[in-house]
Amino acid sequence: FPYTTLFRSLLAAEPVDKTFVLGFRSKYLGAAIPNDYIADYCREHADRMIGFAGIDPTDEDAVEQVSHYSEGLGLKGLCICPAAQDFHPADTRAMAVYEKASALHLPIIFYPGTHLSPKTKMEYARPHLLDEVARSFPNLKLVVSHLGYPWVDEMLVLLGKHHNVYSDIAGLLRRPWIAYDALVRAHQFQVIDKLFFGSDFPFTTAGECIETLYTINQTAMGTNFPTVPREALRGIVERDVLALLGIHVPTARMLASLPKQRRVSRAG
């Protein structure tokens, strides 16, 4: 995960106000995007970047890691990937991590990760497996990436059932037919207001995805297919995700008032 990739993410995020930068750790796959690295980068660009710690619930000290990365490094949420970390989402070890995250008011992004390696386990990526998690921790904000694809219908039911569950459309917009079909379903199920914008960088940029989203109804031109109201599409782009997830970040004025050594990364 070279620094050049992070720099490219800064450029690719130009059209948006804030960007989530996700850490990742998988003992099962032997892979990691270091959380310290994410924290330094987000600290250096604190006006635009918000870091989420990659936590592997199968680590013996996973619960302690949650406290360290949140309270020690200032990361604002967690990123967990059951399919790539080899655990059932309601595993006892994972439930302890969720309990800690709930106590610290940290939202969790569940990344599907089924494409990361042939070793990933699709049976652990299904959205319905998070039903028990959402029931057990009603105050914990859960975001399931990629609208649960390929299990979009399961994800829509989960969104409609639980007030604390959201989803993003990252990864869908580079596949216009899939995106159109999923967004029409979300609108018809009346859960489109629970969808967040996502670019799925580095595969696509925020600008490209916004353009695709606003033109998604072109798929239905010349047909009797349903369309998605433009105000619903605009809502995805303009939604106040930070408020919905309870994430508080310093304003530009607050950052300017901090001593210089607190506004730059340790690498600086």
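Guide: Leu78 has Ile108 as its bridge partner in S6. The model is a predicted one, in which local features need pLDDT of at least 70 and side-chain atom pairs count only at pLDDT 80 or more, while totals for chains, interfaces and linings use all residues. Residues are numbered from 1 along each chain as its sequence is written, and side-chain values use heavy atoms, with hydrogens and water left out.

Leu78 belongs to strand S5, residues 77–80. Strands are DSSP runs of E with at least two residues, helices are runs of H or I with at least four, and both are numbered from the N terminus. S5 runs parallel to strand S6 (residues 108–110), and 3 bridges join them. Two strands count as paired if DSSP finds at least two bridges between them.

S5 also pairs with strand S4 (residues 49–54), again in the parallel sense and over 3 bridges. Here Phe52 has Gly77 of S5 as its bridge partner. Between S4 and S5 the chain passes through helix H3 (residues 62–72), which makes a right-handed β-α-β crossover. Right-handed means that, with the strands pointing away from the viewer, the path from the first strand over the helix to the second runs clockwise.

In a regular strand the side chains alternate between the two faces of the sheet. In S5, Gly77 and Cys79 lie on one side, Leu78 and Ile80 on the other, and all four are buried, so both faces are covered. Buried means under 20% relative accessible area, exposed means over 50%, and partly exposed lies in between, with a 1.4 Å probe and protein chains only.

Now the whole sheet. It is open, has 7 strands with parallel pairing, and its order is S1-S4-S5-S6-S7-S8-S9. Strand S1 (19–22) and S9 are the edge strands, each pairing on one side only. S1 meets S4 in the parallel sense over 4 bridges, with Ile50 of S4 as the bridge partner of Phe20.

The peptide bond between Tyr149 and Pro150 is cis, with omega about 10°. His146 is in the loop between S7 and H7 too, and its phi is positive, near 65°, although the residue is not a glycine. Most residues other than glycine have a negative phi, and most peptide bonds are trans. His146 is buried, with a relative accessible area of 11%.

Another positive phi occurs at Asp86, about 60°, and Asp86 is not a glycine. Asp86 sits in the loop between helix H4 (82–85) and helix H5 (92–103). With a relative accessible area of 27%, Asp86 is partly exposed.
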